[in-house]
Amino acid sequence: MPETHGGDLPELRLFAEEALLRLGRVPAHPELDALRLAAEKLAGKIIENSDKRVKIGLFGGFSVGKSLLLGTVLGNPLLLPVHNQATTANVAVLRLTQSDGDVAEITGARAEYLSDAELSAYITQLLNHAAEAADQANVPKDESVLLRTLPHEPRSLPALQTFLSEQSAARPNSSLPALLAEVGKLRDALAAVSPGTAEDLDQAALTELLTQAEGRDGPRTATAAIGVRRAMVRRLVLEVAVPVATWNLAELHGAEIEFVDVPGRGGGEDWARHEFLTTLEIGAVTVALVMFSADRARTAERLTLNNLIYHSGRLPEDFEDCLFAAAGKFDGLQGLPWRLLADDERTSLLPSPPTEQQLFDAAGDIRGVFTAARELLPPGRDDRVLVISSLVSLARAAEDGLTEQWAKDVVAKLALRKEVDEAREKAAGWARVGFPPGEAGAALRAFTEDGGIARLKAKLFAHARGRGLDLHVRGLGRDVATLAEHERELEKIQARLGPLEVTERETAARLRAAVSSLSNHVSDMRAELWGTLGDPRHRPDGAPSLFDRIRQDAANGVAEWPLWLVLLGSVDNGMIVVRDVPGDGPDDDFDDFDDFDDEDDEPLIPLPTAPVNVRDFLEPYQDTCRSLYGSVGERLTRAVTDWVGGWRRVFAEERLVVEDVLDEPLRALAAEEARRDPAAQYVLALFQSLDWLLGEKALVTRVEGRLASVSPPAARDLDASFPFDPARSLAWHPGSPRRGKREYCDMIQVFRLRRDLGEAASGHVGQHLAALQTRACRVLDRRLAEIGSRLVWPDKLSEIIAERESGEGREGAHA
């Protein structure tokens, strides 16, 4: 037994695993049993909690330099394919291992394909995007209604493809053709690979699946056949060996580290799939680096990010806490820093050092970069603004005698010699301009030193540790010390008791104690059930309740209605002014117009139709509520999974004992005995209840099946929840006496209308949530009651265990 119990996560895990083996040799005895079970439970907890993974995600638009930056950070700019067009076609997960080499290299690669659940979610997104694109392309409602009736399953793809093909032919300039191509690729991929599978890749296959056509150099090869599977790829997992000098994994306590390179948004192939994959990764990362290109910084990046966060299901405040904003390709800013220097390019035109305001006033592009970065971050977090250039990093490496030749070879392979030379000159120019005090100046200074790479590494390490990793490791260290103390105490007791005979009673005693403990846990689960899963407003560990999340979903769903854009587009001088109402013009059959020949007249361009009647909001309200019905079931199932998973962690030690003792030979022996002796049926009943309780998804699957049978609210209940009289007109209707009155027609009324509709939708769907929660709790309570009634130790099981042990003893003696 080691004298000290500190160290990294792998060391702590190894100690706990070895402790479990030692504890398994401790004989059964009344003075030993309780302490041994406590020690085994603690060891299981350490093993479970030692599997800590730090995921660092790189997000952003296409061609902002994510792949080149990731390779640079890991010490090899050539690690991933880079190109001046959209290049990355799939999520690349780089799992780091330590190596003694000089350069990071990929040592293995595997493709993991979409699971059935992920495929269904992707098809849901395709159907939603197709419906939105159809609305924007003015596809008639009676034709696009098909999209809302198709099941979110692969069998819907042929019908979706047919619809997109027909509509794309008539509307080639819409987004429908792009979706048609994406659906076609998905169907081809499904014919080539099954959901939920994985396969190892060689270098050629990896390149084919990792890169888009635009970013792929050289002639196509026979390996291109694997490219048809690209549309089904969930992630490409790359094992990357990194030198200690470049990336010391020990600084993060030996936790598993993954870098996630996410395909850029807004360019290249399969934009809907890239958006879908991005939302999956946003929900999982520990640290998020959102990159934007400094030469096209846009504050609209925040709006896009908010939408992705919402669809990921992650709380915005939680994601903001792990967020960094990086201005990539900072050396690409046109005219800077030369506009800030005198003609000799050596003397700054600004005070030395300049203030931030002076720098921003003199260079609007710099103001735009930092404004875009700050829009992405919580207020006051300039310490998370990064200014990045992989080319400056290469330039500095070329100036170092130890890395000079390597850097020159890399630059030659990337064909970026001119760009690297310009980046070096710009970095020197920025040094002459000077750096304002504060975090903005620190970011610019780091850019001139090594392209900001060292500062980026330090920030990522510090933030990963600060998000609980240090505290987590210290807590596990204390648990290991307690476990060692338990083992020492067991040794003392055994020394005092002297040699103990190991009999069949030891196995039976361990299993009997585990069954008794599980029976108590089941009682606790039933006591807690209705106050947690049965309460729509229960907040687990301070997180938003299920009703809070549904309320947010409803508010966001209502806010996405196109009607609001039309209304806000009708604002004139702060008031809603409707200019074009169907049926408000002259009657087409009016006799005075019969003498006019208007066949050659150009038809009027129709204006967007603003809603003027309350009934205009009824259909989108109904659609929003119906879409929320599905999300309610998904959120509740996730809550049930989390609740059951929490209890599984509570009785992890008992589960280990059951899995160790309750092996297939013992089950077979009990089944054979049950054919001869009816008393053995109690043994089989105990085994069944243990399987129901300890099976990874047994309880959750049962709840899912029962929830699927619950019908959504009836149409009349949905209509009754609509908060307004559909027969009424709105205040800005041309015939309303309140038209033109600011107190009835200003923008505030639009926001109030949107708020009221959102609250009505959340109230209506909240009732459905409560009904589903009641059903889920009844199902769980009944199943737990059935389990608890059978968690009783039958004496027959002791006899069966004794028979098996004695049989094994006879076999050993015979041998």
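A charge is said to sit over a ring if NZ of Lys or CZ of Arg is within 6 Å of the ring centre and within 35 degrees of the ring normal.

**View A. Two arginines over aromatic rings in the predicted model.** Arg783 lies over the face of Trp692, at 3.6 Å from the ring centre. In another part of this view, the ring of Phe15 has the charged end of Arg22 over it, 5.5 Å from the centre of the ring.

**View B. Strand β6 and its two partner strands.** Strand β6 covers residues 256-261, and because 5 of its 6 residues are buried, the strand is largely enclosed by the rest of the structure. Strand β1 (residues 53-60) runs parallel to β6 and is joined to it by 6 bridges, with Lys55 having Glu258 as its bridge partner in β6. Strand β2 (residues 92-99) runs antiparallel to β6 and is joined to it by 4 bridges, and here Val93 stands opposite Val260.

**View C. Aromatic pairs and a cluster of rings.** The whole structure holds 9 aromatic pairs. In one of them, the rings of Trp564 and Phe617 have their centres 5.3 Å apart and their planes at 35 degrees, so this pair is tilted. Trp564 belongs to helix α21 (residues 562-569) and Phe617 to the loop between β11 (575-576) and α22 (618-650), so the pair ties together parts that are 53 residues apart in sequence. Both Trp564 and Phe617 are buried. Phe722 and Phe724 form an edge-to-face pair, 6.2 Å centre to centre with 85 degrees between the planes. Phe722 counts as buried because its relative accessibility is 6%, whereas Phe724, at 22%, counts as partly exposed. Ring pairs also link Phe330, Trp430 and Phe447 into a cluster.

Key: Residues are numbered from 1 along each chain as its sequence is written. This is a predicted model: local features need pLDDT of at least 70, side-chain atom pairs count only at pLDDT 80 or more; totals for chains, interfaces and linings use all residues. Side-chain values use heavy atoms; hydrogens and water are left out. Buried means under 20% relative accessible area, exposed over 50%, partly exposed in between (1.4 Å probe, protein chains only). Two strands pair if DSSP finds at least two bridges between them. Rings of Phe, Tyr and Trp (its six-membered ring) pair if their centres lie within 6.5 Å; planes under 30 degrees apart count as stacked, over 60 as edge-to-face and the rest as tilted.
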